[in-house]
Amino acid sequence: MESLEIAKLLQEKFPEQIHEIREFARQVSVITKKDKILDIAKYLKGDPGLQMDYLRDLCGVDYLGKKPLRFEVVYHFYSLKFRHLLRIRAEVPEEDPTIDSLVPLYAGANWHERECFDMFGITFNAHPDLRRILLPEDWEGHPLRKDYPLRGYEQEGEWKRFADLLEKVKEIRKNEWYRDSSAS
Amino acid sequence: MELEQGSAFKTRDLVISIGPQHPATHGVLRLILELDGETVHKCTPHIGFLHRGTEKLHENLTYFSGLPLSDRLDYCSSMANNVGYVLSVERLFGIEAPLRAKYIRTIVSEMSRIASHIIWIATHALDLGAMTVFLYAMREREWLLDLFELVCGSRLTTTYPRIGGVRNDVSEEFLDSLYMFTEEFPKRVEEYETLIDQNRIWLLRTKGIGVISAEEAVNWGLTGPTLRGSGVAYDVRKYAPYDAYDLVDFEVPIGKVGDVYDRYRCRMEEFRQSNHIIRQCIEQMPKGPILLPDAPKIELPPKDKVTAEKGLLPLHMGLIRKGSIAPPDGEIYSAVEVPKGELGFYIVSDGTGKPYRLRLRAPSFVHASVLSRLSVGHLVADMIANIGTIDIVLGECDR
């Protein structure tokens, strides 16, 4: 089945959710509301004619000032049997940046969603372990948002906790028996 | 371990931290292990120690100047990453490289596959106690890196392919030397196999370790030899052929059980297949241009002509500062098969010279996540085998 046919099929199935189908360079994207994303994924995975059992990618995009709803979570579903790719773009508003997690269906979504949370601040409901993944736990802000400066908020100097860390190292060194504590 | 109810004694799991500076973790990977004796109860990988914000950097660079960043993803096979990047930008612009450039790119991708798998077999065997393989394997990698140096002047961070072709043509000397390599290399692979294939310690350490079924491997989103070891013949080179892969003949080796040994067999077979592809490419290599005629609108004009010819200097400056001619307003997901698995680029363009959003779907990132699933119930020493078998590079994992 062609990707465009699948998109049309999906629109018939979820008429009030999906409001746009786009095609560019022979790739089809379906723009949908965020409410029923889990049902859409369930349908794509479970339908015997589609069998999109493979989540190739999951990421966020920030359309600051370009769209009324600021964020999008982009899913790339693929069927290993029929070899068709479908892109689902779920719109997430800035006021309520939450969306259902796909971890119950695709175990591989776990880290992708954590990364999306880390980089965009989008919360995934019912995610088993939603923590920051690439950045330290105490990092401020979400770097891939368009209003985050390229060089970060702290223009100069070290990472804020670095001084604490050095203090801690000094503290620990006092207890090291093999090192002369007066030397350092 | 659970004691019977009412007992006054309780056993607590021992929590230890491995890495981020540890030779067996293949980079800056940190693992928090919860152990009962020597059995792993829970394994929590911590990544991000090498995070450089590549995706954010890409948003602030033109399509042309973003290319060197792709070298720094998987530094064991930078050539394959370069090809993946330029291919996705080409697809966004709707252009296609000339045939000779396609063949050259296929050759260098497969060379980097061999080079990367050599690193894998060397370190993986070293982790499991087979020191000799490391020394033998590095000998062949050196040969390949010298060939890389011959074609583009650098050994590790190559930046050789260009949007719309490749940077410079390959010389006859390079092709001859590479052909000699392809004649010699299958014998060398046999050498590695004589060292470990029948080795009892190797078999005991790899068979039945880190088993993952085909269904589960697909559900976790694994790619590359890590997935194919479980018996799923998914390979981007076959499923969505790019460059010259549909013009050459090769097979995709798959495993049966999905353990460390099967993944080892898959990669060993890929050595031979890659070798076979390179041979065919050299034999079929057509003559012709290596860069698209209208690529100067995207690529920098040749250095010697910039100051001599009229109109090229403003073009050069414009390319550097504002970026190339604007791509159409759209988005594309393009994937290539790098040695580790599927490297995907999702590019959103808003019609300016810089990508609005560039997402990297790195195979190592996905493979590192499955480590928590693979290690549970095995011994600590087997966990080291599992790190080796998923073949992660943290530069790509952390981006």
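**View 1. The area buried between chain A and chain B is about 3800 Å².** Carbon and sulfur atoms give 58% of this area. Buried area here is the accessible area (1.4 Å probe) that two parts lose on being put together, summed over both. In chain A, the residues that lose the most area to chain B are A:F24, A:W111 and A:L134. Together they account for 20% of what that side buries. The contact takes 45 residues from chain A and 45 residues from chain B; contact means heavy atoms within 4.5 Å. This is a predicted model, with local features needing pLDDT of at least 70 and side-chain atom pairs counting only at pLDDT 80 or more, while totals for chains, interfaces and linings use all residues. Residues are numbered from 1 along each chain as its sequence is written, chains are lettered from A in the order in which they are written, and side-chain values use heavy atoms, without hydrogens and water.

**View 2. Chain B carries 17 helices and eight strands.** These are DSSP runs: helices (H or I, at least four residues) and strands (E, at least two). Among chain B contacts between residues at least 6 apart in sequence, 70% join residues at least 24 apart. The C-alpha atoms fill a box of roughly 90 × 45 × 35 Å along the principal axes.

**View 3. Buried residues make up 60% of the 399 residues in chain B.** Buried means under 20% relative accessible area (1.4 Å probe, protein chains only). The accessible surface of chain B (Shrake-Rupley method, 1.4 Å probe) comes to about 15400 Å². Of that surface, 56% belongs to carbon and sulfur atoms.

Note on methods: Buried means under 20% relative accessible area, exposed over 50%, partly exposed in between (1.4 Å probe, protein chains only).
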